[in-house]
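Welcome! Have a look at the chain below, and then we will walk through it together, topic by topic.

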Amino acid sequence: IRDSQKGVVTPQTETGPVLVPKKSSKRGSLTHVVLICDDTAVQPLLPQFIIGNEHILRVADMQTLEPETAANIYIVRAKSSWITAELFMLLLQTLGKTLRQNEVAKKPILLLDGCPVHLTPAVWKTAKRYGIFLCFVPATLTWIVQPLDVSVIRKLKAHLRAHYRRLQIEKRQAQIPVVDVIRLLMSSVRRIMQVTAWA
C-alpha cells in the first residue's frame, strides 16, 4: 500500500474540513503475495505472505500483530519489501506442506508471470520437491489468463483504499501506522479472498 494522500480530507459527517498533518518524508511499502484457487474448501488454507522491510516493519509491530494473525497469513520482516527467490521458495514450501497436512488430494498448478524471481532453477527445484506444477503465463497475456490481476487484485485494492481513507479520516492523519495497514490487509483476506468462489 503506497500512501499518496495529503492535504485536507473532509468526511461526510462533518461540515468543516479536517486538517491532516502532512505525510512524513519516510516512504515505505508492503508486498502482499496473493494465492487463490477455484476450490472454496482449499482457499482459506492457502498461505498469504505480507512482506515489509526492516525500516517500516519493526519487531514490536510483529509482536503486536502475532496474536491477531490467522494461521494462513505470514507476516515477513525482511531487508526489502520485494519478493525474492528465497522468499518465493519459502512460499512454495509453505504451500506444499499446507496441502499435505490438510490432505488435499488435488495436484496444485501454480499460474505465474515471467518475473525473474519465478524463473530461477532453485525455485523450480523447490516446486518439484513439494509437488507443485509451475505454469507460466506468456508476456502480454496476463490480462487474459491471469485471474489475480484481472479480478482479485482490483477488488482487494478497492476494499483497501476505501478502508484506508476511512482510517485517515478517523485518525485525522495522512500516514496510517503499518500495524493498522496490515490489519486492513488481513481483513481484506477474510472478507474478499476467503469468501469468494474464484471459479
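Of the 199 residues of the protein, 41% count as buried, where buried means under 20% relative accessible area, exposed means over 50%, and partly exposed lies in between (1.4 Å probe, protein chains only). Please keep in mind that this is a predicted model, in which local features need a pLDDT of at least 70 and side-chain atom pairs count only at pLDDT 80 or more, while totals for chains, interfaces and linings use all residues. Residues are numbered from 1 along each chain as its sequence is written, and side-chain values use heavy atoms, with hydrogens and water left out.

**Overall layout**

- The protein has 6 helices and 7 strands; helices (H or I, at least four residues) and strands (E, at least two) are DSSP runs, numbered from the N terminus.
- Among the contacts in the protein with a separation of 6 or more, 69% are between residues 24 or more positions apart; a contact means heavy atoms within 4.5 Å.

- The average pLDDT of the protein is 84, and 83% of the residues score at least 70; pLDDT is the predictor's confidence in each residue, from 0 to 100.
- Over residues 1–12 the pLDDT is below 50, although this stretch has 31 contacts in the model beyond near neighbours in sequence.
- Where pLDDT is low, the predicted coordinates should not be read in detail.

- β3 and β4 pair in the antiparallel sense over 4 bridges; two strands pair if DSSP finds at least two bridges between them.
- You can trace this pairing residue by residue: in β4, the bridge partner of His32 is Ile50, and that of Val33 is Phe49.
- β4 and β5 pair in the parallel sense over 6 bridges, and in β5 the bridge partner of Ile50 is Ile75.

**An aromatic pair**

- Rings of Phe, Tyr and Trp (its six-membered ring) pair if their centres lie within 6.5 Å; planes under 30 degrees apart count as stacked, over 60 as edge-to-face and the rest as tilted.
- By this rule the count comes to 1 aromatic pair.
- The pair is formed by Phe49 and Tyr74 and is tilted, at 5.3 Å centre to centre with 45 degrees between the planes.
- It links distant parts of the chain, as Phe49 in strand β4 (residues 48–53) and Tyr74 in strand β5 (residues 73–78) are 25 residues apart.
- Phe49 counts as buried at 1% relative accessibility, whereas Tyr74 is partly exposed with a relative accessible area of 30%.

**Helix α3 and its two sides**

- In helix α3 (residues 121–129), the residues Val123, Thr126 and Ala127 are buried.
- Seen down the axis of α3, its buried residues fall within an arc of 100 degrees, so they line one face of the helix; the arc is that of the directions from the helix axis to the C-beta atoms.
- The buried residues of α3 pack against α2 (85–101) and β7 (133–136).
- The face turned away from the buried side of α3 carries the exposed residues Pro121, Lys125, Lys128 and Arg129.
- Gly131 follows α3 and has a positive phi, near 70 degrees.

- At 1.5 Å a residue, the 16 residues of helix α6 (residues 178–193) should span 22 Å, which agrees with the 21 Å between its end C-alpha atoms; the expected span is 1.5 Å times one less than the number of residues in the helix.
- His159 lies in helix α5 (residues 147–171) and is buried, with a relative accessible area of 14%.
- Not counting residues up to four places away in sequence, His159 touches Ser187, Ser188, Arg191 and Ile192.

**A loop residue**

- Asn102 is found in the loop between α2 and β6 (109–112) and is partly exposed, with a relative accessible area of 39%.
- Asn102 and Val42 are 60 residues apart along the chain, and their C-alpha atoms are separated by 8.9 Å.
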